[in-house]
2 protein chains.
Amino acid sequence: MADKAQIQEAIKTQGEVVRKLKAEKASKEQIDEEVAKLLELKTQLGGDEGRHQFTLKTAKGTRDYNPKQMAIREKVFNTIISCFKRHGAENIDTPVFELKETLTGKYGEDSKLIYDLKDQGGELLSLRYDLTVPFARYLAMNKVTNIKRYHIAKVYRRDNPAMTRGRYREFYQCDFDIAGQYDPMIPDAECLKIVHEILSELELGDFRIKVNDRRILDGMFAVCGVPDDKFRTICSTVDKLDKMSWEDVRSEMVKEKGLSEEAADQIGQYVSLQGGMDLAERLLQDAKMSQSKQACAGLTDMKQLFSYLQLFQVTDKVVFDLSLARGLDYYTGVIYEAILTQTGPVPVAATQNGAGEKAEEGVSVGSVAGGGRYDGLVGMFDPKGRKVPCVGVSIGIERVFSIMEQKAEASAEKVRTTETQVMVASAQKNLLEERLRLTAELWNAGIKAEVMYKKNPKLLSQLQHCEDSGIPLVAIIGEQELKDGVVKLRTVHSREEIDVSRAELVEEIKRRTSDV
Amino acid sequence: MADKAQIQEAIKTQGEVVRKLKAEKASKEQIDEEVAKLLELKTQLGGDEGRHQFTLKTAKGTRDYNPKQMAIREKVFNTIISCFKRHGAENIDTPVFELKETLTGKYGEDSKLIYDLKDQGGELLSLRYDLTVPFARYLAMNKVTNIKRYHIAKVYRRDNPAMTRGRYREFYQCDFDIAGQYDPMIPDAECLKIVHEILSELELGDFRIKVNDRRILDGMFAVCGVPDDKFRTICSTVDKLDKMSWEDVRSEMVKEKGLSEEAADQIGQYVSLQGGMDLAERLLQDAKMSQSKQACAGLTDMKQLFSYLQLFQVTDKVVFDLSLARGLDYYTGVIYEAILTQTGPVPVAATQNGAGEKAEEGVSVGSVAGGGRYDGLVGMFDPKGRKVPCVGVSIGIERVFSIMEQKAEASAEKVRTTETQVMVASAQKNLLEERLRLTAELWNAGIKAEVMYKKNPKLLSQLQHCEDSGIPLVAIIGEQELKDGVVKLRTVHSREEIDVSRAELVEEIKRRTSDV
């Protein structure tokens, strides 16, 4: 095979061939053919490092899940899905890619992070960026006007990955949304109740849920003298308050975005406010704030929301925080975000694929859930612009995985990656067929059973496999047991062995593993 | 907004700008900028149809799953996952895209069906085509030399979709594989046992599992006088025997692939053979076949395989069939394929997204599982070429979904899309807060409960929702019940109502829905 320099030379030459053909307006077939050769060379260059050091990795910003990680993931998903089902949600799924136009104009500046598929003829496609836009497309396309659904799937963002902090280019979202025309703030309150339930059950440590309302923000900007056309850009600066000091945010508003110093200072007074229902009441009386109809509508709803949250007994974790803005364009009402408040250094997870990312110490995982009301999004897809009011929440599960993995690493308890109840073993030779026969009997009775794929495995290696993978029982057969119609049932941790008749074996295994 | 003709004109002009810059060897930044404008215009053109008829659809060959389809999917997955776990499998997951080079050279002619991602800077990526190649990459990358794993995920093929027959461009595969150096045919037999268990449990009607071996095929080709360099192409012609008559297959071999008539006729005699262990024995005695060492090795293993299948009691469905060839390049030993043998017209599933595909009547769903041994694939990824023998099976689950959906349509029994146990309702007005309070109590006790998001819903509409979505119980509260500290618990199907004390409500709901 050619070396790297040779291929690079060939790419250069081939690039010139393509450019020349294009300049000459050669036929599409001819150009495509030469472009294909060029790409083939580019691929070779990538693969060429493989001569001596094959590029054996996953794509940048992605990772495999090994069995231990999958066991943790399954546990987390079960907790979340149980919660969604407890709240009566249905489940839907959508394709991993959408028509490019479906995603266009939904994400503002973040659109540049969308993965496009190559134009191989046919439709222009992009990988989904979140589950909300596909949900809105689904509702409009199927003329669904009310549904409570969850959707757990991977989404894709060409972002700068920070994998040690659980930030990937391919990551799971767990979304719960309520679509439909209902009385104010009831579904909104249920979304917050769900966040509270899930974060409590996952035992991730203490957390706080910040709540605000886009109408309150817009009203605040209006009464503080922000020009209409600057609402969005000022809003996205406010959104940085969780990472930047007020001084820096103020400076960005004034110096970069051209806001007056007076307006900035007035905003500064509001965004430092935090509270509960009392704060909403106070702001409704506020001389300036009360001048904005929008703000009043938002504040009245905020009071209503807190009254429902009191019924749900979750106000201990919920804070009305005027600095919460959230980035996405499509929110129209209440918005919220949950953060873990556990500080202190977090142990660093190992990088998965040696992509050379530097481990960072003591980083906080930050936001683990977020969402809000988006009453206009479905209308963007409906040919007649019919609106379907929606409110929802998305659990940022990758950060949760990171924490759970760190906890599992730190814990003495071993994570089991299989659910095998019993290993069918023998101490003597030439019993493979008898082992297979018994194993099939157990499988057919619904018992989770394993057997070694060796004609004559050593008893020690069979027992060692049980120790390694946490299998609690061993069913040992030998000539004598076969003659007596029994099986020696061994408990791995106590090494205790008893004879069990073949007829009672299934029941005995079930009895002994019922708490596993 | 501009009309279609205007945009098309603009695209033409912009195309010329780009070509000119390229010809002038302008800077990359400058060219990229103009290319971006061009693509933006192309997108607009796609989106422009939306002025009057917005393109509200999923990408070609893909579909959404609605809640009813998801309920069926969940049931099918549970059956399959239970089986995989019963056999002691671990679970892994890999990213939806791989480095392009990882997939290069693994799929022969089918490589043209791979979806590539657009080169947006960085690595060249492709959507996974199956789960086997990512699995092999995973094993090599993590230096795993033995594992029994399952992986359920979507794969992508730019194939001609036939969605009424359950053929999509995005579809699930459910893979179970055993990697490791073991005694011959034991893991291979377990794979077939798994196919037998899953197809039996899914109750899809009668089925048959065809088995063959690549070594037997190659040996057969050799003794029939097929030149070495024609093995693969003749093998892919043999693979068409399930769709074409022997006459047509023979004609393709002789006229298109240039095989001699004698060789073709000799092959014809072999590929018509079907049987069990007896056939393997007979062929081992066959004057011609026994001349090939490869064939003898394959036939000896086939005998061994059938002896294990007898222990597993699955030989009723398994046929040694010399016409089975399977398309993929990477198989090295035993191969198999399961087909449903139910004939007769199959009801036609409705097309999901109005993509204009014509419904076809009475089509058979054909193959529902397939797999085999691939001992060389992992070595293709290992820098030192170290081999890890593998055998596995893939369940073609989309076809199974299609059948299950048709069965559900035909059945009188309604598919439930939620698991809600109880609806919290009231007949009187102004009890929203009391309903919310009780609902939260139930959620906190782990009961799956729903409540209407209306201040004063009608009792009839609350009961109607229970009828529609199969909720078995209603907990009704009114002024009197609140005073007495009870709840009126109504059984939806019998309309029977009894008073239950608030303290006993949770237990009573659990008791009544324990069989749901």
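Author: Glu197(A) and Arg86(A) form a salt bridge in this predicted model, their closest N and O atoms being 2.7 Å apart; the term requires a side-chain nitrogen of Lys or Arg within 4 Å of a carboxyl oxygen of Asp or Glu. The pair links distant parts of the chain, with Glu197(A) in helix α7 (residues 186-201) of chain A and Arg86(A) in helix α4 (residues 67-86) of chain A, 111 residues apart. Helices here are DSSP runs of H or I with at least four residues, numbered from the N terminus. Side chains of opposite charge can pair when their charged atoms come close. Over all chains, the structure holds 76 salt bridges.

As the model is predicted, local features need pLDDT of at least 70 and side-chain atom pairs count only at pLDDT 80 or more, whereas totals for chains, interfaces and linings use all residues. Residues are numbered from 1 along each chain as its sequence is written, chains are lettered from A and ligands numbered from 1 in the order in which they are written, and side-chain values use heavy atoms, with hydrogens and water left out.

In chain B, helix α4 (residues 67-86) and helix α7 (residues 186-201) pack at an angle of about 150°, their axes lying 10 Å apart. Axes are lines fitted to C-alpha atoms over the stretch in contact, and angles run from 0 to 180 degrees between N-to-C directions. The helices α4(B) and α7(B) are therefore roughly antiparallel, a term for angles over 145 degrees. The crossing of α4(B) past α7(B) is right-handed, that is, the near helix is turned clockwise from the far one by less than a right angle. From α4(B), Thr79(B), Ile80(B), Cys83(B), Phe84(B) and Arg86(B) meet Ile194(B), Glu197(B), Ile198(B) and Glu201(B) of α7(B), where contact means heavy atoms within 4.5 Å. By class, this contact has five nonpolar, one polar and three charged residues; Ala, Val, Leu, Ile, Met, Phe, Trp, Tyr, Cys and Pro count as nonpolar, Asp, Glu, Lys and Arg as charged, and the others, Gly among them, as polar.

Salt bridges also occur between the chains: the rule finds 14 across the interface of chain A and chain B. One of these joins the side chains of Glu123(A) and Lys57(B), at 2.6 Å from N to O. The contact takes 103 residues from chain A and 102 residues from chain B. Together the two chains bury about 9500 Å², 58% of it on carbon and sulfur atoms; buried area is the accessible area (1.4 Å probe) lost on putting the two parts together, summed over both.

Technical notes. Helices (H or I, at least four residues) and strands (E, at least two) are DSSP runs, numbered from the N terminus. Angles under 35 degrees count as roughly parallel, over 145 as roughly antiparallel, 65 to 115 as roughly perpendicular and the rest as oblique.
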